[in-house]
Amino acid sequence: MSTFQLGDLTVNRMGYGAMQLAGPHVFGPPQDRAQALAVLREAVASGVNHIDTSDFYGPHVTNQLIREALHPYRDDLTIVTKIGALRGSDASWLPAQSPAQLEAAVHDNLRNLGLDVLDVVNMRLMFDVMGPAEGDVEALITKLAELRERGLIRHIGLSNATAAQVRQARGIAPIVCVQNQYNLVHRHDDALIDELARDGIAYVPFFPLGGFTPLQSSQLAEVAAQLAATPMQVALAWLLQRSPNILLIPGTSSVAHLRQNLAADKLVLPAAAVARLNGVAASA
Ligand SMILES: NC(=O)c1ccc[n+]([C@@H]2O[C@H](COP(=O)([O-])OP(=O)(O)OC[C@H]3O[C@@H](n4cnc5c(N)ncnc54)[C@H](OP(=O)(O)O)[C@@H]3O)[C@@H](O)[C@H]2O)c1
């Protein structure tokens, strides 16, 4: 597996996103707890050393599953979490971005993951819950920098951020990764990915497979058939080939899907296939 740096931490580019392990709507316990634990153990046994999570998945559920399945953690495992939201009793996503709420969220993650220090914390911006929107991040990043100085956080990332917010944050503290929505169809961040690649900063697309409604495209299906792969594998291989700073965190609650996704690491897309796949966004 090829690797990339998250600050001083080396991770395989093929990781795993744990959000799908919580119950429906990322709320409450999983429908199949044994399967959720099995997915986590299989991921790490297969070489995954980068897991993405948050204490607001469940809430608390996903982190507690990670702890139950994997603690004590392997030395080379990097767990990336995110803060900035709380869940309403109706499963809604509520901004929680005051300094006190950010500090409480860090402690929630530490407690539920069973850690003394969080490897990477993404500041999940909520100026618009559904996508990046401009807004001043100085107070948010300053608070994370303080938590880093105090030794509770090792590295800082940003999520749901605009290019301008990434630049502003980088002026306040080192930023090791940006986690935004990006996939074959949703390519709003093309320029940002290239900018971050030049500076050695990881870009970690969420919804790499399309999210709750996985990608559907006749071009993708045709390319997959030609390569004797699944459409999801091709979508992941396309991301790996898109830029060397892209780290993958596909989510699944299924061991079978996990195995398929991890195998995408070995799929090499010929130039003609990449050109065809680049047309998916244009025709979407
Ligand atoms: N920063 C943010 O705001 C943010 C937002 C969303 C997500 N995230 C992170 O990004 C990670 C990835 O996003 P995601 O999990 O929401 O979406 P995703 O990886 O794009 O897709 C997950 C969906 O694809 C299905 N799937 C996975 N592998 C498959 C396969 N091989 N064949 C067919 N279907 C498959 C899953 O269903 P099954 O469970 O049935 O496999 C699930 O419905 C999350 O786990 C989370 O850690 C971050």
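The radius of gyration is taken over C-alpha atoms, and the globule rule is 2.2 Å times the number of residues to the power 0.38.

**Figure 1. Overall fold of the predicted model.** For 284 residues the rule gives a radius of gyration near 19 Å for a compact globule, and the 18 Å of the protein chain agrees with this. Along the principal axes, the C-alpha atoms fill a box of roughly 55 × 40 × 35 Å. The chain contains ten helices and eleven strands. Of its 284 residues, 55% are buried. Among contacts with a separation of 6 or more, 75% are between residues 24 or more positions apart.

**Figure 2. Salt bridge between Arg 111 and Asp 108 in helix α3.** The closest N and O atoms of the pair are 2.8 Å apart. Both residues belong to helix α3 (residues 99–113) and are three residues apart, about one turn of the helix. Arg 111 has 47% relative accessibility and counts as partly exposed.

**Figure 3. Salt bridge between Lys 143 and Glu 146 in helix α4.** The N to O distance is 3.3 Å. Helix α4 spans residues 138–149, and the two partners are three residues apart within the helix. Lys 143 is buried, at 11% relative accessible area, whereas Glu 146 is partly exposed, at 32%. Salt bridges with shared partners join Glu 103, Lys 143, Glu 146 and Arg 150 into one network.

**Figure 4. Salt bridge between Arg 242 and Asp 190.** The side chains meet at 3.1 Å, N to O. Arg 242 lies in helix α8 (residues 231–242) and Asp 190 in helix α6 (residues 190–198), so the pair ties together parts 52 residues apart in sequence. The whole structure has 16 salt bridges.

Note on methods
Residues are numbered from 1 along each chain as its sequence is written. This is a predicted model: local features need pLDDT of at least 70, side-chain atom pairs count only at pLDDT 80 or more; totals for chains, interfaces and linings use all residues. Side-chain values use heavy atoms; hydrogens and water are left out. Helices (H or I, at least four residues) and strands (E, at least two) are DSSP runs, numbered from the N terminus. Buried means under 20% relative accessible area, exposed over 50%, partly exposed in between (1.4 Å probe, protein chains only). Contact means heavy atoms within 4.5 Å. A salt bridge is a side-chain nitrogen of Lys or Arg within 4 Å of a carboxyl oxygen of Asp or Glu.
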